[in-house]
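Take a slow look at the model below.

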Amino acid sequence: MRYVPVIGLEIHAEMLTNSKVFCGCANEFGGAQNDRVCPRCSGMPGTLPVVNQGAVTLAAKAGFALECTVNNYSAFDRKNYFYPDLPKAYQITQFQYPICTNGHIRVCDTDIRINRIHIEEDAGKLVHDDYEGISMADYNRCGVPLIEIVTEPDFRTVEQVQAFVEEIALRLKYAGVCDSRMEQGSLRVDVNISIMPEGSSEFGTRAEIKNLNSVKAIGRAIEYEIKRQAEILDKGGKVVQETRRFNDNHGDTKALRSKEEAHDYRYFPEPDIPPVYLSDEQIEQIRKSMPEPPNMRFERYTKEYGLPADDARLIVLDKDFSDFYDETVKLCPSYKQVSNLMLVELNRCLNDSGTAVCDLKFTPAALAELVKLSDAGTISKNAAKDVLRTMFETGKAAEEIAKEQNLIMSNDTGELEAIVDKVIAENADSVESYKSGNQKVFGFLMGQVIRFAGKGANMQVAKDILTKKLQ
Amino acid sequence: MAIKELHEKLVKREIGAKELTKSYLDKIEKHDGDINSYITVCPELAAEQAEAAQKKLDAGDAGVLCGIPLSIKDNICTKGVKTTCASKILEDFVPVYDATVMEKLNETGAVMLGKMNMDEFAMGGSSQTSYFGGVHNPFDTERVTGGSSGGAAASVAAGFCAASLGTDTGGSVRQPAAFCGVTGLKPTYGAVSRYGLIAFASGLDQIGVCADSAEDTALVLDVISGKDPSDGTSSEKAKGNYTALIGTSLKGKKIGIPKEFFGEGISDEVRTAVMQAAEFYKNAGCELVETSMPSLKYAVSAYYLISSAEAASNLSRFDGIKYGFRAEDADSYGELIKKTRSEGFGDEVKRRILLGNYALCSGYYDAYYNNASRIRNKIIEEYAAIFDTCDVILTPTAPTTAYKIGQQENDPVKMYLADICTVTVNIAGLPAISTPCGYGADGMPIGMSLVGKAFDEAQIIAFCDAYEKSFARKEVKF
């Protein structure tokens, strides 16, 4: 039988606050184990959580970025379960009154509804030492502020899911909510998936696949799961409601726990934290502070700047790259020229060396200077590429490089004419050959001119003089 | 001796801070063996603090609590000093930080004599569930002190400190104060920071004061109260100056007498003593207003559901992983927490954890936790209605005087019902103060409570002070 998958997502995104959500510890990635813990986030007796207002603001921004309603009233609850990476033995989350509700995002011509976005704290990590046979708890991640984005089961294809995750990741990054580094776990996806016979509208029993950390893994996990569930149904079996884990090496999913083994989280209102009230004015202020979202930026690039859609998309896809572009064209509005230099030459440098845009040795202002030199005809378009490569390597200013490498185009035609005369005099055979119809020799003669004139010579002018003198 | 008098003597150098501290330590050493009010006594630390206080006094820069020896209930975190909650599971737990109230007391130069015995995790009304043995009432060592701040109240009654910090979740400061014949103040929820108070029921817990008089409780509250950025539930409305209304006229004030608090289950001698106190106020020019709290009959049930639910969650962190007692011979995490918690908690604590988790289970949540929350709202409304017309409310603090040890602690339901007079105050988050208003046939003290509007501590303190000045209080004799 043919089946249609029904998929909903739960996406956890780490928010880019300076400190953790309920204490003053730094909110960072990496570092030595248990380096960023305090009595509060390690759940010492008597400590109390105090809400980081920055986390509330970012969660509200996530709401705007994902086209949700940001609520005036939200409140925290406790989700109770025992696990050694959870020092209080409860997670503070928003269960009954989430901060954002009722969003929707359009991908692949399909509207995906977002049920809610709520704030919660992350748990720590367990480090297992199989050799010693012990497990150790690292609480650095305890209290890292998360938002959980819960969608309705509106997805019917893998492509929709993948496009949605990419869109969410991009929008959160643009909003400054999350750096969306799936490989570092700052954005993690749980997939709820069931299948139903084609033509049916009655959902099947779902399985939940936990903690997928790449768009590719999401695709593979869903495809495996569709196949697995279809095989069960085809044999007349029943899919069991359970939580499963995706194994990236084997490309399969394995059961973690069934519905019967599922926790009863005994949610109840968190008595240590007063409810969060955001006035209409505060909400409006947050909305106004939202940076331009990626879809609007794309519009601007194509409509105002006249960039081709493909180029615009490529720039928008990386926020840092796009920010760099914006800063540059603000100083030097040669939209197409800057776009070409960045998409071809700069991207090649970045990719070849594995460098991130934020680690560039030169500023947008420096790039703007380079483009201005090229626009003014001070250096050639080709030379601009060479200069950009050197800027990438050394961080030196464009003009300095151009001078060092002798790339400043000479506009002194008298000098060029003298060189051309000299080349013609010294290469009588070639000139003869050219005049008798061998066009190829022109390239050789041009090469000779450049040899004497240097790279900085204005090629076009040199070419014109040579052509004239050969007639 | 009143804190003000001690302060004057210290300021006038009629007594030195070290000498004063030593006199208390000597008394503790000599007599606390019979009372068991202290879990930990800190002679060296107290001597150091007294010395530091003396310097402040000498420099002429001393607040009223500077050099005053206090005792602290053992569920309030004290940096470097064992804080056990009277439980095996925290038997050797030494906090790495000070509770906010301790920071404030330390800053003002108060001296900490030691940490006070209590019911395990503040769950109980007898101070008999302590892992370190029960507390004995200084008026009759065969009787209970009440609880859970039994050590705090007993230490004040016995003169083992000038005043003591207790905690009150459902009456745990007021009821032992009544049983031990001292004054006990439970401030408005949010008046005192809970940061560093090892939580029993977060939405009900409040640090309070046991002392010799209403004025003394006010002087301590002045220092420990106020908004604390470390506690999101603490309030800006706690403004201090709690002695401000002492000595002002009570004429024309209205005292609500909610009839349900004087009904069945309240012993005749308690009812009589409290009504006599009401007469005192009437003679002082107050108007007595009969009022009603129809929901009182549900209060104990609601209280035990809410407090146990919160406790079940709050006490989950004691799993043997991070601190405190850890059971041996467990070969999985599941088994480790099972064994640690089974061996580390006493029966009463386990009973409440079971009750609380049951009330929160999906399927039971609406019937228990939600209904309890509804009653909570109802009680808040009923208090508000009374305060529409009345300035304060007068009730008994406990249905009886202190009973003999072993008499009723083993009947949990009977124990729980004895909280009827005190729990509504916590449910509504209001301030209340208990003071002795008579003695029973058994010679044990009887307490009455004055309940105020939120953050109106100064008012009930003034009412209480006026009464105390007319009442002949019995002293404990060793």
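Which residues touch the most other members of the largest nonpolar core? They are Ala59(A), Ala62(A) and Leu70(B), in a core of 226 residues. A nonpolar core here is a set of buried Ala, Val, Leu, Ile, Met, Phe, Trp, Tyr and Cys residues joined through C-beta atoms within 7 Å. Buried means that 20 or more other C-beta atoms lie within 10 Å of the residue's own, with C-beta atoms placed from the backbone. Helix 9 of chain B, residues 296–314, gives this core its largest share, 10 residues. A second, separate core has 39 residues, including Leu370(A) and Ile419(A).

This is a predicted model: local features need pLDDT of at least 70, side-chain atom pairs count only at pLDDT 80 or more, and totals for chains, interfaces and linings use all residues. Residues are numbered from 1 along each chain as its sequence is written, while chains are lettered from A and ligands numbered from 1 in the order in which they are written.

Now pick out Ala62(A). Among the residues it touches are Cys100(A), Ile117(A) and Leu172(A), leaving out residues up to four places away in sequence. Two residues are in contact if their C-beta atoms, placed from the backbone, lie within 7 Å.

Step back to the whole of chain A. It holds 15 helices and 16 strands. These are DSSP runs, numbered from the N terminus: helices are H or I of at least four residues, strands E of at least two. Along its principal axes, the C-alpha trace of chain A spans about 95 × 55 × 55 Å. Buried residues make up 37% of its 471 residues.

Last comes the contact between the chains. Chain A brings 26 residues and chain B brings 31 residues.

How values were computed:
A residue is buried if 20 or more other C-beta atoms lie within 10 Å of its own, exposed if 12 or fewer, and partly exposed in between; C-beta atoms are placed from the backbone.
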